[in-house]
Every structure is written in C-alpha cells, then in structure tokens.
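Reader: I would like to learn how to read a pocket lining and a set of charged contacts in a model. Could we go through them one at a time?

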Amino acid sequence: MTQLILNVENPAILPSLKKVLGALDGVSIAKSAPKRKKKCGLDLALEDVRAGRVSGPFNSVEELMAHLMK
C-alpha cells in the first residue's frame, strides 16, 4: 500500500478535502496518532523520585546547605 501525507495549512478545508478523498475508490483516510500529553513539572518530579535522582531527606537546613556546598 502506498501512503501519501498531506500538510494542510488551512483547517477550514479539511472537511471538504476528506469528503473528496473518501469518494475516490481505493482511498482510505487513516486517523492521526494521538498527541502526547506534555508533562507538567509535578510529573517530571515524580519521575525523578521513581528513578532515584533525588537527594534527602535532610534533618535540618544546615544539613541541606552542607550537601549543596559539596
């Protein structure tokens, strides 16, 4: 099967274009892959915790500062 990828700048013409292409014998329109959800800061931080890329816990501010000055 041969695939043809079209880039359409004007989304207003998509319904008409799909109708025309769908009317052609032997042409099918594949659904696009779902877009990945952009990860928020909390999701990235939780991934760091799961992967062990965090330090701590610290019992005091002095202990934290000593760790940061290393």
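Author: Let us start with the classes of residue: Ala, Val, Leu, Ile, Met, Phe, Trp, Tyr, Cys and Pro count as nonpolar, Asp, Glu, Lys and Arg as charged, and the others, Gly among them, as polar. In this predicted model, the residues lining the largest pocket divide into twelve nonpolar, five polar and two charged.

Reader: How much space lies in the largest pocket, and which residues of its lining are the closest to its centre?

Author: The largest pocket holds about 860 Å³ of space. Its lining is made up of 19 residues, of which L4, I5, S28, I29 and A30 are the closest to the centre.

Reader: Turning to the charged contacts, how many salt bridges does a search of the whole structure find?

Author: The general idea is that side chains of opposite charge can pair when their charged atoms come close. In this structure, the search finds two salt bridges. One joins the side chains of E47 and K39, with 2.4 Å from N to O, and the other joins those of D48 and R53, with 2.8 Å from N to O.

Definitions and conventions
Residues numbered from 1 in each chain as written. Predicted model: local features only at pLDDT ≥ 70, side-chain atom pairs only at ≥ 80, totals over all residues. Heavy atoms only, no water. 1 Å grid on protein atoms, 1.4 Å probe; cavity = no way out; pocket = protein on both sides within 12 Å on 5 of 7 lines; lining within 4 Å. Points joined across faces, edges and corners; volume = space filled by probe spheres on them. Salt bridge = Lys/Arg side-chain N within 4 Å of Asp/Glu carboxyl O.
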